[in-house]
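Thanks for coming, everyone. Let's take a quick look at the model on the screen.

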There are 2 protein chains.
Amino acid sequence: MKDSRFRDVDIRAPRGNTLTAKSWLTEAPLRMLMNNLDPDVAENPKELVVYGGIGRAARDWACFDAIVASLESLETDETLLVQSGKPVGVFKTHADAPRVLIANSNLVPHWADWEHFNELDAKGLMMYGQMTAGSWIYIGSQGIVQGTYETFVEAGRQHYDGKLAGRWVLTAGLGGMGGAQPLAATLAGACSLNIECQQSRIDFRLRTRYVDEQADDLDDALARIARYTAEGKAVSIALHGNAAEILPELVRRGVRPDMVTDQTSAHDPLNGYLPAGWRWEDYRARSKREPQAVVKASKASMAEHVRAMLAFAEQGIPTFDYGNNIRQMAQEEGVANAFDFPGFVPAYIRPLFCRGIGPFRWAALSGDPQDIYKTDAKVKELIPDDAHLHRWLDMARERISFQGLPARICWVGLGLRAKLGLAFNEMVRSGELSAPVVIGRDHLDSGSVASPNRETESMQDGSDAVSDWPLLNALLNTASGATWVSLHHGGGVGMGFSQHAGMVIVCDGSDDAARRIARVLHNDPATGVMRHADAGYDIAIECAKSQGLDLPMIK
Amino acid sequence: MKDSRFRDVDIRAPRGNTLTAKSWLTEAPLRMLMNNLDPDVAENPKELVVYGGIGRAARDWACFDAIVASLESLETDETLLVQSGKPVGVFKTHADAPRVLIANSNLVPHWADWEHFNELDAKGLMMYGQMTAGSWIYIGSQGIVQGTYETFVEAGRQHYDGKLAGRWVLTAGLGGMGGAQPLAATLAGACSLNIECQQSRIDFRLRTRYVDEQADDLDDALARIARYTAEGKAVSIALHGNAAEILPELVRRGVRPDMVTDQTSAHDPLNGYLPAGWRWEDYRARSKREPQAVVKASKASMAEHVRAMLAFAEQGIPTFDYGNNIRQMAQEEGVANAFDFPGFVPAYIRPLFCRGIGPFRWAALSGDPQDIYKTDAKVKELIPDDAHLHRWLDMARERISFQGLPARICWVGLGLRAKLGLAFNEMVRSGELSAPVVIGRDHLDSGSVASPNRETESMQDGSDAVSDWPLLNALLNTASGATWVSLHHGGGVGMGFSQHAGMVIVCDGSDDAARRIARVLHNDPATGVMRHADAGYDIAIECAKSQGLDLPMIK
Ligand SMILES: NC(=O)c1ccc[n+]([C@@H]2O[C@H](COP(=O)([O-])OP(=O)(O)OC[C@H]3O[C@@H](n4cnc5c(N)ncnc54)[C@H](O)[C@@H]3O)[C@@H](O)[C@H]2O)c1
Ligand SMILES: NC(=O)c1ccc[n+]([C@@H]2O[C@H](COP(=O)([O-])OP(=O)(O)OC[C@H]3O[C@@H](n4cnc5c(N)ncnc54)[C@H](O)[C@@H]3O)[C@@H](O)[C@H]2O)c1
């Protein structure tokens, strides 16, 4: 198993508009799978790890090869099934059916924990798909920048009158997702102190300009923060160290950040969270040898970490969980009031979800950055009156380097998604874009996830744990003709704590594609509006009415 | 909530070939939903309960009305979404997409237990869909007769050289499913002693000739068994009493049955299993008032019940769990060796699953029994050389009264299912049948369920709990054009212990239907063969090869 998961190779998706597969509907998943493993995109591509702890794109290298071979030969009326990163069957379907159907990391609830997952994983029977790793629509850190940016901006609106100049954010974790934090804070106008225990991660973020500078030690970091906030400059500072040690120390010293959050991989105590006092190399080695002891140490440190976050919250400092399940872990370790600070979704994101707004994204299969710049311009043209969106597009172009195939993310909702998708398809048809584009989204979206410690925390009607919704979302996207559809378990917050669905659709410029795009990019966000309307949110009920949704029980 | 769940009405599906809805693709789910609530079919239709404890067809009566209204107006390119028995949205899809997509009782794993479900259920946010209750393809006790018959026959083959004359089966539970046991035992050639704590259930089974006679008390029952087994007659005896009291008494007396099993609703301690010494009415009343105390008493009795079953097993008597999760419940109550006797699937059913064989069924939307008799004849014509199957069809016609719309069940597998489906569609086209038929199956089928205490117990590769498989099954059936597709959690073995998928397809005699039937009735059982081939079963690997399946990693 271990060896079958390592290959000393650099994968890069083909560029240009020559097909390797039999159609763009199969070329697209092929390129996006490979793009997920591009060394510029993935965290540890030689072991097939894309992001988020051990979120993989394929179960092992033999499976990767077999997926590629299947996609190369797949006909336009066939569908490939992928089970936890392994291609298990090719079936005759029809032109309007998805070309790939994916189920990753799903376990019958009573057995849905890390212990059981790790056992199956070690046996070669499973793979952790995270959200967009196993469903082939990860686009590097950019994907998360806007979400984090929207969150910081909204927090700034709620707590600081929309002015973040002279303020600073305290956080940790500069991994695949967390690495977006310093840049997002800067774009939002705030300074940030970013604790990360692996120097290699800091180096990566310095290289890609996601973080501005590295401090020598905690004193130096605080001095820089004091200087830049006084000057009103939005500079991001990385600090090499362990959050479970540094946060308690900051509390002891009486330091007061203006906002506190965290993006270590706390959802995965075995692989993603370094215990206080440990070295990373020892942590990784011992994870294999003595998993139980490692999990214990890791969770004990999370408890300390959360106690410090609670101390900040008690001082009135806006403190929130950024979706890594650290409160749950701390609670299991005896921190009874771990949930006293909120998750970022109920605090800042839910009103957007009510209108079907979420992490919509697209990628240029050509590999040509110009294709994305042209779509940027098209977005501005079609949505002329949204200054916030225009500002995002400008800053993104200026500050965010593409990783792998050029891509753009942009939080839009029901109505606009289909409009943009149809326009992009038209641009492919006319030759304005040099090759087809794919449109997808994160699983963390309005209608596609049940995750009571994160996306569905504190739902108004108490339906946090009802996972009928993401399942219906996946079934409807399949019925509507998305190009690939996925159903995952355990993304973000770890085994047992979430179920979620993904979808990607190809704009190849054809009439058939236009019909599918119109259905999928309407129905997909509409399930989110439906789910929130059903839970009783007024914003969602109004949105459903204004968009003409047919919801039989909503009058 | 309670009131909205009771309506003093008798529902009966329309008969004949006049449409109420806009096409047969929507008329079919409409009639099958209503048929699930036919007083001749359902256990407690006025409370919307179809079978299996509290398995419902719709969340409440307002939801039932709204589903009916939606189906009546649904276009042939629209799809209705049903979330735990509530119609939540109507979306534009296309002609080859399912007309209804259903997700029932799904909960994020960490919250997937009865306690949480009951809380949501009481709030009106959920419904228990069981397997075919919430997915509208329950056909009364006949559905289960053949499964039980196949199980008893296979057990007879393995343990008694295929001769069950003079043998007797000890079991309990004469509910919706369990009521099939006495008839199945008789058809298999054995006597049976059937313990049931509700006289009304015994009366129902006597009336429908599923059970032959009722004994006055235990002594009388044993005397009858002694007489009939001596005479070699296959007579079924009902006994009014509590299995948790009678089984231990039989052990004490040293009585030796030839086979022991159980079909009380042990999967649901709150609603389905009477504690020893209690009266049914008190149990129901107290379930509402003091749920925790009731669950405790019920599970304690299950532990006694299982201890008695273990005592029989230790004497070498073939003893098996018939899929009601009673071993799990007993284990939770401290019966450490509860799993020492096997479930019926690994013991007797898995070799069938490896060839995609399972509870295939169809129903005549005309309501005319002649339509079913004609399909019976067609089955014999198309499968001329299967004596076992012919015997089943003859006995079923002779002994099993139709309940609701006439229907037939018949365990066939990959290859034959599509052949029969296409033939039935042809019979509709030619007018040989007086109206369309629907073809479906139980969720308990080869590729559609993950249930480690039942259908996927003791898988060869240890993949019992991997639920990617039923999710892929549902996605593929959706992509292939089944008429309705469902994804449920907790059927049979209760909350937390299973995930499973259903599908139904309409034969309306059209070319479009034929194309969909060819895809769906091939792909659906093929996912079962695929799942078992992936787990390493030789029978499945051979079947995949002989049927020409394209399984990329199976060489
Ligand atoms: N809400 C969301 O949508 C959302 C978005 C992004 C990330 N997340 C969650 O945030 C977490 C991080 O995601 P990721 O993709 O960046 O994961 P990752 O594994 O790539 O990165 C985690 C980083 O944390 C560092 N780290 C671990 N323990 C540490 C400690 N004690 N002190 C300091 N640094 C430590 C690691 O070295 C690593 O660089 C995950 O749990 C993910 O699910 C959620
Ligand atoms: N493996 C399978 O596919 C399969 C098939 C059929 C049934 N089952 C399981 O079997 C169980 C029964 O199903 P059902 O639809 O008949 O349920 P049901 O609720 O309709 O019937 C259960 C019957 O058991 C009786 N009962 C309860 N406690 C009793 C006790 N202590 N002693 C004697 N009788 C008692 C009840 O009065 C009721 O008539 C369920 O758990 C179901 O999931 C599994």
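**Ligands, domains and cores**

Start at ligand 2. One of its oxygen atoms sits 2.8 Å from a polar backbone atom of B:Gly178. That is a polar contact, a pair of N or O atoms within 3.5 Å; within protein, one must be able to donate a hydrogen and the other to accept it, and residues adjacent in sequence count only if both atoms are side-chain atoms. A nitrogen atom of ligand 2 is 2.9 Å from a polar backbone atom of B:Leu274. Another backbone contact comes from B:Cys197, with an N or O atom 3.4 Å from a nitrogen atom of the ligand. On its own, ligand 2 has 850 Å² of accessible area, and the protein covers 98% of that. Areas here come from the Shrake-Rupley method with a 1.4 Å probe; for residues, only the protein chains shown count as cover.

A word on the source. This is a predicted model: local features need pLDDT of at least 70, side-chain atom pairs count only at pLDDT 80 or more, and totals for chains, interfaces and linings use all residues. Residues are numbered from 1 along each chain as its sequence is written, chains are lettered from A and ligands numbered from 1 in the order written, and side-chain values use heavy atoms, with hydrogens and water left out.

To count, a residue needs a heavy atom within 4 Å.

Now ligand 1. It has 33 residues around it, the closest being A:Glu196, A:Ser265, A:His267, A:Phe344 and A:Leu444. Side chains take part here. A polar side-chain atom of A:Gln198 is 2.9 Å from an oxygen atom of ligand 1. The side chain of A:Arg201 puts an N or O atom 3.0 Å from an oxygen atom of the ligand. The protein buries 98% of the 850 Å² that ligand 1 exposes when taken alone.

On to the domains of chain A. The assignment gives domain 1 (24-122), domain 2 (142-348) and domain 3 (350-546). The centres of domains 1 and 3, over C-alpha atoms, are 20 Å apart. In contact terms (heavy atoms within 4.5 Å), 27 residues of domain 1 meet 26 residues of domain 3.

Last, the core. Which residues touch the most other members of the largest nonpolar core? A:Trp136 and B:Trp136, out of 304 residues. Such a core is a set of buried Ala, Val, Leu, Ile, Met, Phe, Trp, Tyr and Cys residues joined through side-chain atoms within 4.5 Å. Buried means under 20% relative accessible area, with a 1.4 Å probe and protein chains only.

Technical notes. Buried means under 20% relative accessible area, exposed over 50%, partly exposed in between (1.4 Å probe, protein chains only). Domain bounds come from an automatic or database domain assignment.
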